Amino acid sequence: MSGLSNLASRRLAAGLAAALLTATPAAFAHGFRIGDLEIDHPYAVPSIAGAPNGAAYLRGIRNAGDRPDRLLGAATTVATRVELHRMVLDGDVMRMRAVDAVPLPPRAMTSLRHGGEYHLMLIDLKQPLKDGDRFDLTLRFERAGERAVKVWVQTPRDATTHRH
Ligand SMILES: [Cu+2]
């Protein structure tokens, strides 16, 4: 298959997936459960050439229980370590700060989408992250314990450059 037709078919597949996602969100996203937590669609953006770090996100984590939980950290085979980062406004500049935990209030969905308040920073990538890749990530929760998830590398349509 030539590069062009491959690209065209990938675009078609992406467009089809987006259309199906809009129609039936649950069927075409991927998700995981542990205890009261529903982990919705872990994903990462392709890494920038030469960049030491990458970023991973989740569409959200829904705490369906009555008690608060917290995301305390994560580990992955593709990076030396993972940090929890929070975007904070410093004067009129958005900066990222490493935080100890991401709070997961009961009966609520907490978003960790790109461009949002929280994300996972993949420190010291061992390999570049390319569109279509999958990698393993283990999330560690204060109450629910540990859960291994699969992260999908993809380019969001509204992707912005993430610099560190
Ligand atoms: Cu960050």
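Student: Hi! Before we look around, what should I know about the numbering and the model?

Tutor: Residues are numbered from 1 along each chain as its sequence is written. The model is predicted, and local features need pLDDT of at least 70, side-chain atom pairs count only at pLDDT 80 or more, while totals for chains, interfaces and linings use all residues.

Student: What is the average pLDDT here?

Tutor: The protein averages 86, and 79% of the residues score at least 70. pLDDT is the predictor's confidence in each residue, from 0 to 100.

Student: And where is the pLDDT below 50?

Tutor: That happens over residues 19-27, a stretch with three contacts in the model beyond near neighbours in sequence. Two residues are in contact if their C-beta atoms, placed from the backbone, lie within 7 Å. Where pLDDT is low, the predicted coordinates should not be read in detail.

Student: Okay, the big picture now. How many helices and strands are there?

Tutor: The protein has two helices and eleven strands. Along the sequence the pattern reads α-α-β-β-β-β-β-β-β-β-β-β-β. Helices (H or I, at least four residues) and strands (E, at least two) are DSSP runs, numbered from the N terminus.

Student: What share of the contacts join residues at least 24 apart?

Tutor: Among contacts between residues at least 6 apart in sequence, 68% do.

Student: Let's do hairpins. What joins strand 1 to strand 2?

Tutor: Strand 1 (residues 31-34) and strand 2 run antiparallel and are joined by four bridges. Two strands pair if DSSP finds at least two bridges between them. Arginine 33 stands opposite glutamate 38 in strand 2. The two strands form a hairpin with two residues between them, and glycine 35 in the turn has a positive phi of about 55°.

Student: How many residues lie between strand 5 and strand 6 in their hairpin?

Tutor: Two residues lie between them, and glycine 91 in that turn has a positive phi of about 65°. Strand 5 (residues 79-90) pairs with strand 6 in the antiparallel sense over seven bridges. Valine 88 has arginine 95 of strand 6 as its bridge partner.

Student: Why does strand 6 lie largely in the open?

Tutor: Because zero of the seven residues of strand 6 (residues 93-99) are buried. A residue is buried if 20 or more other C-beta atoms lie within 10 Å of its own, exposed if 12 or fewer, and partly exposed in between, with C-beta atoms placed from the backbone. Across the protein's 164 residues, 24% count as buried.

Student: Back to strand 5: is arginine 81 buried or exposed?

Tutor: Arginine 81, which sits in strand 5, counts as exposed because it has 12 C-beta neighbours inside 10 Å. Arginine 81 is 28 residues from asparagine 53 in sequence, and their C-alpha atoms are 9.9 Å apart in space.

Student: So what about the inside? Which residues touch the most other members of the largest nonpolar core?

Tutor: Ala44 and Val151 do, in a core of 30 residues. Strands that each supply at least two residues of this core include strand 2 (37-44), strand 9 (118-125) and strand 11 (145-153). A nonpolar core is a set of buried Ala, Val, Leu, Ile, Met, Phe, Trp, Tyr and Cys residues joined through C-beta atoms within 7 Å.

Student: What does valine 151 touch?

Tutor: Not counting residues up to four places away in sequence, valine 151 touches Pro42, Tyr43, Ala44, Ala56, Arg134, Phe135 and Leu137.

Student: And how do strand 2 and strand 11 pair?

Tutor: They pair in the parallel sense over two bridges, and tyrosine 43 has tryptophan 152 of strand 11 as its bridge partner. Strand 10 also pairs with strand 11, in the antiparallel sense over eight bridges. A hairpin joins strand 10 to strand 11 through three residues.

Student: Last one: where is lysine 130?

Tutor: Lysine 130 is in the loop between strand 9 and strand 10. With 9 other C-beta atoms within 10 Å, lysine 130 is exposed. Lysine 130 and serine 47 are 83 residues apart in sequence, yet 6.8 Å apart in space, C-alpha to C-alpha.
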